[in-house]
Amino acid sequence: MTQPSFFFNTCGSAQSPGVKVHRHLYVSPFTAAATTATAARLYHLLTKKPDWNRHKDQIQEKHDSNFQTIPQQHLISLIKSCTEKPHLHQIHAHFVRTSLLQDPFFSLQFLSRVSSSPFRDMGYSRRILCQIPDPSVSHYNALIRAYSFSKSPGEGFYLYREMRQKGVSADPLSSSFAIKCSIKACLLIGGLQVHGRVLRDGHQLDSQLLTTLIDFYSISGKLNEACKVFDEIPQRDTVAWNVLISCYMRNGRTRDVLVLFDSMMTEEFECEPDEVTCLLLLQACANLGALEFGEKVHGYIEEHGYDRAINLCNSLISMYSRCGCLDKAFEVFNGMQERNVVSWSAMISGLAMNGHGKEAVEAFLEMQGMGIPPDCQTFTGVLSACSHGGLIDEGLEFFNGMTKEFGILPNIHHYGCMVDLLGRAGRLDMAYQLIVSMRVKPDATIWRTLLGACRIYGDIKLGECVVRQLIELKAEEAGDYVLLLNMYSSAGKWEKVIELRKLMKEKGIQTTPGCSTIEFKGEVHEFVVDDISHPRKDEIYKMLDEINQQLKIVGYVAEVSSELHNLGAEEKEHALTYHSEKLAIAFGVLATPPGTTIRVAKNLRICVDCHNFAKVLSGVYNRDVIIRDRTRFHHFRGGYCNCNDYW
């Protein structure tokens, strides 16, 4: 630490300023860690006699004539430029000595600085608030806002309530920050209370506040209430629309998001989507497999000059990949002026999910050759590629090299890819040993991946062991029991089937209905098993019957093992006829010209019979059929599937 003599030399003679500063430093324990140079500068700024003619426009009007008048620019500049705690403490000490903490203007600036980044010292901020006589709503707002970013957001709501109890009226900002605190602290009742206060205070016309309320109801799963609040906003800007779109996606109404995009640009609203809107829409299109609408959003992005934004280009790559359109994904990727690790990871993952394992590995190696180090997501993509492509040696090499070469510890997703890789290769025991030796606790997804491999290879014993693990985790789903039922029924163990169904009934476990979607002329059409809700249902069922007749001519036979009920062969075949993906494919054949690619998205794993159906249809009707199920993409062409009948 610099010697004290330097400080006095800086201040001048020991008769005036230096002695006074020494007293100030002596009584303030906060200054111990500060440098003498900073202390000298601080003293100079705080005691310099102001030139009133020069600073008259920069002086804060004091409510109390007893306050010492100081040029604002000096103090405010010091407060805003302060980046170290000891310097803040010095300013605080001066404020206490000169009673400037009682000045609303300076106290607000100081409180805002202490409670914001990089300090965000909430305990210290609360002590400062207690030292301020009659703090205003702005003081409370600064602190409540800071709590909304802190690790204890609930305290922000309680401070809001305390503020009102002390008779300080909330303004729209107070309520907005309190709602954000309620969101982060999961205080549903708190958010509802704030909403009630908003109505009582007459702030229900504040657009920013109402937008925050939409977000609150969205996260709380109350979509109807969120829509009601949206309808009450007098002037709906793009931010409000983005929050509503996010609300619909969060609450499983992804199809409606596409309608909102069109609605916000109508003459009634005249609201222009921004980059955030486009990101949300691309995510929705990816989830739905809505390629046509995704291309429409892509066109909007190019028209408005957003196509240079890396995050949007990355989202476009992901959207096209998840819609099974790798050509378009490559086109976007190759057209990017700058690519980051996210760009490469998106392309590698796109290749992987569409069954191009070797190409994904080549892209991974090319990325490293360009000096871009992979991250966790990149390894997830390349390990997935090895899994789908059956590249066992490469997968093991990449997995082992993650930590050795790049210092990346495997996470649950990387282990999942390896279990899938080993399971696909029939190395079930090795996959099981990897799970039990993992450095992280295996989750339900890991066990479920192994269960899928057990189904493929008919390992009932290990499958039963996996289901027990899922039960212990209290994470079993209907789909897990269905896989086990499939194994029992394939082996003809109908007693086990009956026993397992009884257990499912006792536990109240219900299977998730299969649902398939297909996009036609920008509209997403949804089908469930035995669906009769579609306006063209008669035509669709007639077309499906015709398709079945054509496929049987070339040797298609229904895979009755996919039907898990103990029925006769003819009854089983009839039960399999009208699965949701078959109805969607029949609609695609009916509605589109010959040769058009049919793209279907399914919420569950495709069954063996529907897989065989799509394979044979692709050859007979000379159609490319792309089905994205819960686990991967299936590209059917000429009677073959790129998954090689393993999924």
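Student: Let's start with Cys186: is Cys186 buried or exposed?
Tutor: Cys186 counts as exposed, because its relative accessibility is 69% and the exposed class begins over 50%. Keep in mind as we go that this is a predicted model.

Student: And where is Cys186 found?
Tutor: Cys186 lies in the loop between α11 and α12.

Student: What is phi of Cys186 near?
Tutor: Phi of Cys186 is near 55°, which is a positive value in a residue other than glycine.

Student: What about Ser182, which helix is that in?
Tutor: Ser182 belongs to helix α11, which covers residues 172-184.

Student: Is Ser182 buried or exposed?
Tutor: Buried: Ser182 has a relative accessibility of 1%, and the cut-off for buried is under 20%.

Student: Which residues does Ser182 touch?
Tutor: Leaving out residues up to four places away in sequence, Ser182 touches Phe157, Leu187, Gly190 and Gly191.

Student: Moving along to helix α12, what can you tell me about Ile189 there?
Tutor: Ile189 is in helix α12, residues 188-201. Ile189 counts as exposed, at 56% relative accessibility. Together with Leu188 and Leu192, Ile189 makes a nonpolar surface patch of about 250 Å².

Student: OK, new topic. Which peptide bond is cis?
Tutor: The bond from Ser117 to Pro118 is cis, and its omega is near 10°. Pro118 sits in the loop between α7 (104-115) and α8 (122-131).

Student: What does Arg120 do with its phi?
Tutor: Arg120 has a positive phi of about 45°, although Arg120 is not a glycine. Arg120 is also found in the loop between α7 and α8, the loop that holds Pro118.

Student: How accessible is Arg120, then?
Tutor: Arg120 is partly exposed, and its relative accessible area is 27%.

Student: Now charges. Which residues form the negative surface patch?
Tutor: That negative patch is formed by Glu302, Glu303, Asp307, Asp327 and Glu331. The elements giving two or more residues to the patch are α18 (291-303) and α20 (326-335).

Student: Where is Glu302 in that picture, and how accessible is Glu302?
Tutor: Glu302 is in helix α18. Its relative accessible area is 45%, so Glu302 is classed as partly exposed.

Student: Can we look at Ser207 too? Where is its place?
Tutor: Ser207 is in helix α13, which takes in residues 207-219.

Student: Which residues does Ser207 touch?
Tutor: Not counting residues up to four places away in sequence, Ser207 touches Ile233, Pro234 and Gln235.

Student: And how are the C-alpha atoms of Ser207 and Val239 placed, what separates them?
Tutor: These two C-alpha atoms are separated by 9.8 Å, and the residues are 32 apart along the chain.

Student: Let me zoom out. How many helices and strands does the chain have?
Tutor: The chain has 34 helices and six strands.

Student: What share of the residues counts as buried?
Tutor: Of the 647 residues in the chain, 49% count as buried.

Student: And what about the accessible surface of the chain?
Tutor: The accessible surface is about 31,500 Å², and 50% of that belongs to carbon and sulfur atoms.

Student: Last one: what share of the contacts joins residues at least 24 apart?
Tutor: Taking contacts between residues at least 6 apart in sequence, 64% join residues at least 24 apart.

Technical notes: Residues numbered from 1 in each chain as written. Predicted model: local features only at pLDDT ≥ 70, side-chain atom pairs only at ≥ 80, totals over all residues. Heavy atoms only, no water. Helix = DSSP H or I, 4+ residues; strand = E, 2+ residues; numbered from the N terminus. Buried < 20%, exposed > 50% of the residue type's maximum accessible area, 1.4 Å probe, protein only. Contact = heavy atoms within 4.5 Å. Areas by Shrake-Rupley, 256 points an atom, 1.4 Å probe, with all protein chains shown as cover. Patch = residues over 30% accessible without salt bridge, like charges linked within 9 Å, V, L, I, M, F, W, Y side chains within 5 Å. Salt bridge = Lys/Arg side-chain N within 4 Å of Asp/Glu carboxyl O. Lys, Arg positive; Asp, Glu negative; His and termini not counted. Charge placed at Lys NZ, Arg CZ, Asp CG, Glu CD.
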